[in-house]
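This briefing is meant to be read beside the sequence and the coordinates, and it gathers the points by topic.

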Amino acid sequence: MKEPLRTQNPWRLFLWKEGGQMPSKPKKPCAYPGCPNLTDGRYCPEHQQKVNSNYEKYVATERAQIIEHAKWLGTSKTEVEGKLAKVGLFNCTIPAFKRLAIIYEKQKDYDKAIAVCDSAIRYYSLVKNHEGEEDFKSRKEKLQNKK
Ligand SMILES: [Zn+2]
């Protein structure tokens, strides 16, 4: 049986991205479509590997593209490094936070949506992703106006 999304702790999504797991939780079916294996994490070891390797391919392609564009545009080294550092973060963290905030907002559970924004703001300021930070700051403001 699938746990409804609204009862899930946003930090679990966050921790999964970091490769961590919540302790003392019952095993759940692997999130890979059609896979019957039970797992402590999101995917069973086999599918975790598959997901990781797809992700690595994605990151490698994105990085190659940034470097290629930089050659054409004459982008400064610092700027390129900043962009490269964001590749993984961008793919990994925004969907989870954004999706949750949107779900809570649709349920008119504004306090929870704001709590997700706070987590996102803390996280993005920690990793110095200013776009992410600003995005969730304005999202939070909108939610506070709706309350
Ligand atoms: Zn699996």
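In this predicted model, the largest nonpolar core is made up of 11 residues, namely Phe97, Leu100, Ala101, Tyr104, Ala113, Ile114, Val116, Cys117, Ala120, Tyr124 and Phe136. Helix H3 (77-106) and helix H4 (110-126) are the elements that give two or more residues to this core, and H4 supplies the largest share of it, with six residues.

**Contacts within and around the core**

- Ala101, once its neighbours within four places in sequence are left aside, is in contact with Ala113, Val116, Cys117 and Arg139.
- Cys117 lies in helix H4, and it counts as buried because 26 C-beta neighbours fall inside 10 Å, where the cut-off for a buried residue is 20 or more.
- When residues up to four places away in sequence are not counted, Cys117 touches Ala101, Phe136, Arg139, Lys140 and Leu143.
- Cys117 and Lys98 stand 19 residues apart along the chain, and their C-alpha atoms are separated by 8.3 Å.

**Helix H4**

- The 17 residues of H4 reach 24 Å from the first C-alpha to the last, which is close to the 24 Å expected at 1.5 Å a residue.
- The buried residues in H4 are Ala113, Ile114, Val116, Cys117, Ala120 and Tyr124; seen down the axis of H4, its buried residues fall within an arc of 155°, and they therefore line one face of the helix.
- An α-helix has 3.6 residues a turn, so residues three or four places apart point the same way.
- On the face of H4 turned away from its buried side are the exposed residues Asp111, Arg122 and Leu126.
- Just after H4, Lys128 adopts a positive phi of about 60°.

**Helix H5 and the segment after it**

- Gly132, Phe136, Arg139 and Lys140 are buried in H5; because they cover an arc of only 105° around the axis, they sit on the same side of H5.
- The face of H5 turned away from its buried side carries exposed residues, and these are His130, Glu131, Glu134, Ser138, Glu141, Lys142 and Asn145.
- Lys147 is found in the segment after H5, and it counts as exposed because it has 9 C-beta neighbours inside 10 Å, where an exposed residue is one with 12 or fewer.
- Although Lys147 and Asp109 are 38 residues apart in sequence, the distance between them in space is 9.1 Å, C-alpha to C-alpha.

- Helix H2 (residues 45-73) has 29 residues and reaches 42 Å from its first C-alpha to its last, close to the 42 Å expected at 1.5 Å a residue.
- H2 is hardly covered, since the count of buried residues among its 29 residues is zero.
- Just after H2, Gly74 takes a positive phi of about 65°.
- Lys108, which lies in the loop between H3 and H4, has a phi near 60°, a positive value in a residue other than glycine.
- Lys108 counts as exposed because 9 C-beta neighbours lie inside 10 Å.

**The chain as a whole**

- The chain has five helices and two strands, and from the N terminus on its elements run α-β-β-α-α-α-α.
- Of the 147 residues of the chain, 12% count as buried.
- Among contacts in the chain with a separation of 6 or more, 40% are accounted for by residues 24 or more positions apart.

**Confidence in the prediction**

- The mean pLDDT of the chain is 80, and 78% of its residues reach 70 or more.
- Among the elements of the chain, helix H1 (residues 10-17) has the lowest mean pLDDT, at 52, whereas H5 has the highest, at 93.
- Where pLDDT is low, the predicted coordinates should not be read in detail.

How values were computed. Residues are numbered from 1 along each chain as its sequence is written. This is a predicted model: local features need pLDDT of at least 70, side-chain atom pairs count only at pLDDT 80 or more; totals for chains, interfaces and linings use all residues. Helices (H or I, at least four residues) and strands (E, at least two) are DSSP runs, numbered from the N terminus. Two residues are in contact if their C-beta atoms, placed from the backbone, lie within 7 Å. A nonpolar core is a set of buried Ala, Val, Leu, Ile, Met, Phe, Trp, Tyr and Cys residues joined through C-beta atoms within 7 Å. The arc is that of the directions from the helix axis to the C-beta atoms. The expected span of a helix is 1.5 Å times one less than its number of residues. pLDDT is the predictor's confidence in each residue, from 0 to 100.
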